Amino acid sequence: MNLTTEQDNPDSKNIDQMSTLDALSLINREDAQVAAAVREALPQVAEAVEVITEALANGGRLFYLGAGTSGRLGVLDAVECVPTFSVPPHLVQGLIAGGLEALTQSIEGAEDRPEDARYDLIERGLRESDVVCGIAASGRTPYVIGGLSYAKALGAKTIAIACNARSPMGEIADISICVVVGPEIIAGSTRMKAGTAQKMILNMLSSGAMIRLGKVYGNLMVDVKVSNQKLADRASRLVMRLTGVDSERARTLLAGANQDVKSAVVMARLGLEYEEARELLAQAKGKLRVVIGGD
């Protein structure tokens, strides 16, 4: 297979002889092409968001599957869903070839074992209602192919993110997101442009699904999980902005709402107690706009 991600980039053939600024300028120019390449795949990304949204809304889970850089990016996106959107850790999970040890050190041979992905998914009780998203710049990583194949056989929805056209992963998956970013500045170093493209797509998949699920009001992070002082301050500002109360009242509302921003907002706007606010939000499937309206 003639992989674009493994080809030499003629523009960087003398990068080792360039000044630092010239080398960095070249890297920056190459990076600027990534967003345009991702734009070409937006219809497929949108289709994937709809599939993920439907699955999560009906009790399913999202699994990211990858090796090396791709696996680490999947784990990163999954982990950040918890504080950003207050989802339980099991809802979005990142699986990486080689396990947790591979997050901090390279375990290159792990990606060559397709059976490992099957075992990892079985261990997590993969169900037909779940979605498995495979991530690999080459589009042919055995670990990812093994996981996608198992998920497909089980009846779960499958998504492939690759940076080479007509990839084996894309052939397997229900939805193929192909973003061809061209040869890397350092030949084969797919942690660069390919990694950037993957990160952008993962941002869209998780954020897009969470927006559709009502975890954002306007562009505000109203489902933020208050787990430190920074996030407590953010929650207070959100309540102030959406209700017009002062900071002291906002903190009081949050305390009475178990630090849940949406409940605190409903309590202030509709004059309700916490349990009443929670019931209204539950009836609206967590969508704040359904409860309080707004432009």
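I count a residue as partly exposed when its relative accessible area lies between the under 20% that means buried and the over 50% that means exposed. The model I am reading is predicted.

**Entry on Arg 113 and Asp 116.** With that cut-off in hand, I looked up Arg 113, which at 36% relative accessibility is partly exposed. I then followed its salt bridge to Asp 116, where the closest N and O atoms are 2.8 Å apart. Asp 116 has a relative accessible area of 19% and is therefore buried.

**Entry on Arg 127 and Asp 130.** I found a salt bridge between Arg 127 and Asp 130, with 3.9 Å between the closest N and O atoms. Arg 127 is partly exposed at 37% relative accessibility, whereas Asp 130 is buried at 1%.

**Entry on Lys 152 and Asp 174.** I noted a salt bridge between Asp 174 and Lys 152, whose closest N and O atoms are 3.7 Å apart. This pair links distant parts of the chain, since Lys 152 sits in helix H6 and Asp 174 in the loop between helix H7 and strand S5, 22 residues apart. Asp 174 is partly exposed at 38%, and Lys 152 is partly exposed at 37%.

**Entry on the network and the count.** I also recorded that salt bridges with shared partners join Arg 61, Arg 127 and Asp 130 into one network. The count of salt bridges comes to 10.

**Entry on the cavity.** I searched for cavities of 30 Å³ or more and found 1; the volume of the largest cavity is about 70 Å³. Its lining has 5 nonpolar, 2 polar and 3 charged residues, and I noted Arg 72, Glu 108 and Glu 111 among the residues that line it.

Notes
Residues numbered from 1 in each chain as written. Predicted model: local features only at pLDDT ≥ 70, side-chain atom pairs only at ≥ 80, totals over all residues. Heavy atoms only, no water. 1 Å grid on protein atoms, 1.4 Å probe; cavity = no way out; pocket = protein on both sides within 12 Å on 5 of 7 lines; lining within 4 Å. Points joined across faces, edges and corners; volume = space filled by probe spheres on them. Nonpolar A, V, L, I, M, F, W, Y, C, P; charged D, E, K, R; others polar. Salt bridge = Lys/Arg side-chain N within 4 Å of Asp/Glu carboxyl O. Buried < 20%, exposed > 50% of the residue type's maximum accessible area, 1.4 Å probe, protein only. Helix = DSSP H or I, 4+ residues; strand = E, 2+ residues; numbered from the N terminus.
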